[in-house]
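Okay, thanks for coming, everyone. Have a look at the picture first, and then I'll walk you through it.

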There are 2 protein chains.
Amino acid sequence: MSSPVSSHAGVRSSTSGVSDERSGQAKLRPGPEAIGAGKFEVVTDRAGGGRVSAAERWLARQMLRSMGSPPVRMVLCSGEEIPASGPPPVARMLIRDRATLRKLILNPNLSFGDGYSDGRIDVEGDLTEFLEAVYRARSAARKRVGLLRKIISRWWQRTRSNTLRGSRANIHHHYDIGNDFYKLWLDEQLVYTCAYFPTPQVTLEQAQVAKMDHVCRKLWLRPGETVVEAGCGWGALGLHMAKHYGVKVKAFNISHEQIAYARQRAKQEGLNSRAEFIEDDYRAISGRFDVFVSVGMLEHVGTDHYHELGKVVDGCLGPCGRGMIHSIGQNEPGELSPWLTRRIFPGAYPPSLREMTNVLEPWGFSVLDVENLRLHYAETLRHWLRRFEAAAGAVAEMFDGRFVRTWRLYLAGSVAAFASGGLQLFQTVFARPGVNEIPWTRARLYEGSGGPGG
Amino acid sequence: MSSPVSSHAGVRSSTSGVSDERSGQAKLRPGPEAIGAGKFEVVTDRAGGGRVSAAERWLARQMLRSMGSPPVRMVLCSGEEIPASGPPPVARMLIRDRATLRKLILNPNLSFGDGYSDGRIDVEGDLTEFLEAVYRARSAARKRVGLLRKIISRWWQRTRSNTLRGSRANIHHHYDIGNDFYKLWLDEQLVYTCAYFPTPQVTLEQAQVAKMDHVCRKLWLRPGETVVEAGCGWGALGLHMAKHYGVKVKAFNISHEQIAYARQRAKQEGLNSRAEFIEDDYRAISGRFDVFVSVGMLEHVGTDHYHELGKVVDGCLGPCGRGMIHSIGQNEPGELSPWLTRRIFPGAYPPSLREMTNVLEPWGFSVLDVENLRLHYAETLRHWLRRFEAAAGAVAEMFDGRFVRTWRLYLAGSVAAFASGGLQLFQTVFARPGVNEIPWTRARLYEGSGGPGG
């Protein structure tokens, strides 16, 4: 049920535009090439925003330096350029007015994204490449301020609230904005988590099916077994398991729209009796199952609740139980950009592997397999971004141009975050300790073409 | 360079025997069936050790209860039996004299092993099965005293010292007792770490070669690359890499005997220029390498030194560096038996996965793959135990009967610890963050027969 959460703050390629200072909102309208190519022309007004003080210029330079001097050029509203140091610049970042420049200097992490959404900041060049360059530079710079970063991160993690009520509000914010919207750019089964590409050449549809099979094979599902799924999105995995692996699935999700969709699909496909979809929190799981699976929910749980989640897993698994947690992660604990957690994913936090072990270790589970699929998520996101761009006109009609720019930034930033190594994707398989009926090797995961394969 | 470290305290099958109370040492001599079958008759003297008080009987019962009431019968020196509760007993544990019974009650973890070594405790039935039953029962019982166990474990971990000097003494204790001894029961290449069995039917020799290939494939070694190995045992892996994967290896080990052996092999096989063996601590590693590998050393490092080890890894890897740490582990932090850490492996501690991340996470490494090979280590140890039993006569001549019983208990206990899920074997592959030249999937690990395969 989740999707990428990255620490990005960035900007999309555009050719021309003038900001509308009076309303504080940029007006966006599809340019002639917008439909199909998914590009938008930003209509802005340069008047009044042209002058920049020496102090502002100096501060802008310092800001770039503190970000590790990424290979990008910053073009101020005065027309002056702050050149990149080091390798040749990959893109130009355009700051349309002085107020935006000031906000950017004061709070770059939030103002970058907001400025881009409003069309007051733009990028000439490839948005994803631009963002990846920024992340890579910042990641190198961060190494130098390790301790401070850790303190801020700890503080920041305390501010997220994923209580029962908080979770509902957070999930509603992102996942209940309309199935029709997601249908425009996800695969046909609406799988909104990292796909698995046996080779980079397969289609997104094939890669999502391959991911579901990869998960099922890792869990060595056997016909007649029972599975509980925590956070089931639009139900694709639960239905796939019930249909192709002969198991009985009980799936939980607090997104109203997703559950309604999953139930309808189950009914249509005659899987009602084998795939049950329940609109409730993972904390409401009860009963005993052979398998626990959670794909893309842990990012929304919050580290404060890992013990609680572990207790749920421990409580619902039988003596030979096993499970998998599939989640976005990080190499080391660290905050996400406030833009992302305020505008896109409230309450989200991708754990480090160490943090992830806090779900399982207190309950004595045995970790059998961890696979990092980072590059697969970058590839998945590239597919989503391409489809999103192709549908940008329809999205603009459904919402507005600002929404298009916001989501473009979120998707491009997520590609960049996974491609630059800022985010990881961990699939962790575990089992009750001391159970010896576990696969002897992982070879069977790679037999055949990735279909149901025992 | 390591080998299994388990939390066992147990006893080996024997048919008859009387303890020698006067000397406090049992006399051991090979019975008629000893050579070949590897069994020993325990010569003990029952006189003077026969009576047991009601209090001692009650305490013995309580001891069994505190161990989770394993399905074993305890036969006291008086001839009385304390029956097992629950499932039918898998074996009988014989306590030869009253002094041993008292020691066992006071300090079962240490006295069990010492009593067995001395022949004052014995087991009728399969030693490994007996130990596995004890571990499984104790593991279930431990769940009830989680917190206390954690506190004791923390304290206990503080008592181990793996400073530069401490490490040398600890390693010398186990690994420098004579290459001729290890040749009696290890594979022909003297690989004293968990093997990898593509199928359980392959020989130990094949499984050790398959393990080395598994490691090399996981590290996607390319000809011309440089590898640094921390803790190289008798050099088999380093030589395998140099010979079959065209890399240049620099291998460190503080065991004098092992390094001398590895150097001689390198000379004999004409690999001198590509495999260098250095008698020094991992903390002495300097220079830059493409790959860091450590198989079976982390168990001897001690959690207090993980940061130091991580610093070494960070310092010696180039910008595209990657590595693997292969180590015995646990599902949750916990102390080993004092018998094991005093008599067999001073300074040893198998970390939980969470503890293991402390080596890599502070340096921002990206974990790509974790595989748990627990059942492969149980199988490896069964091979070792069988070969050890077959060579028990020769071992007794080389050392004495007490040594044979001590090592038998250590090997059987290690089989039991891995088979019962008390110990794990983690292979953790990692790389510098943001490096995208990493394998796309793990499929190539399972192509072909396991030989060098790019």
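One definition before we start: two strands count as paired if DSSP finds at least two bridges between them. Also, helices (H or I, at least four residues) and strands (E, at least two) are DSSP runs, numbered from the N terminus.

A bit of housekeeping. This is a predicted model, where local features need pLDDT of at least 70, side-chain atom pairs count only at pLDDT 80 or more, and totals for chains, interfaces and linings use all residues. Residues are numbered from 1 along each chain as its sequence is written, while chains are lettered from A and ligands numbered from 1 in the order in which they are written.

So, where do the chains meet? Strand E12 (366-372) of chain A runs antiparallel to strand E12 (residues 366-372) of chain B, and 3 bridges join them. One pair to look for is A:Glu371, whose bridge partner in E12(B) is B:Asp369.

Zooming out, 34 residues of chain A are in contact with 33 residues of chain B; contact here means that the C-beta atoms, placed from the backbone, lie within 7 Å. On chain A's side, H5, helix H14 (353-360) and E12 each supply at least two residues, and E12(A) gives the most, with 7. That side divides into 13 nonpolar, 13 polar and 8 charged residues. For those classes, Ala, Val, Leu, Ile, Met, Phe, Trp, Tyr, Cys and Pro count as nonpolar, Asp, Glu, Lys and Arg as charged, and the others, Gly among them, as polar.

How are the two copies related? Chain A can be laid on chain B by a turn of 180 degrees and a shift of 0.0 Å along the axis, with an RMSD of 0.0 Å.

Last stop, helix H17 of chain B, residues 401-419. Is H17(B) mostly enclosed or open? Of its 19 residues, 17 are buried, so it is largely enclosed by the rest of the structure. After H17(B) comes B:Gly421, with a positive phi near 85 degrees.

Definitions and conventions: Copies are superposed by least squares on the C-alpha atoms of residues with pLDDT of at least 70 in both. The expected span of a helix is 1.5 Å times one less than its number of residues. A residue is buried if 20 or more other C-beta atoms lie within 10 Å of its own, exposed if 12 or fewer, and partly exposed in between; C-beta atoms are placed from the backbone. Two residues are in contact if their C-beta atoms, placed from the backbone, lie within 7 Å.
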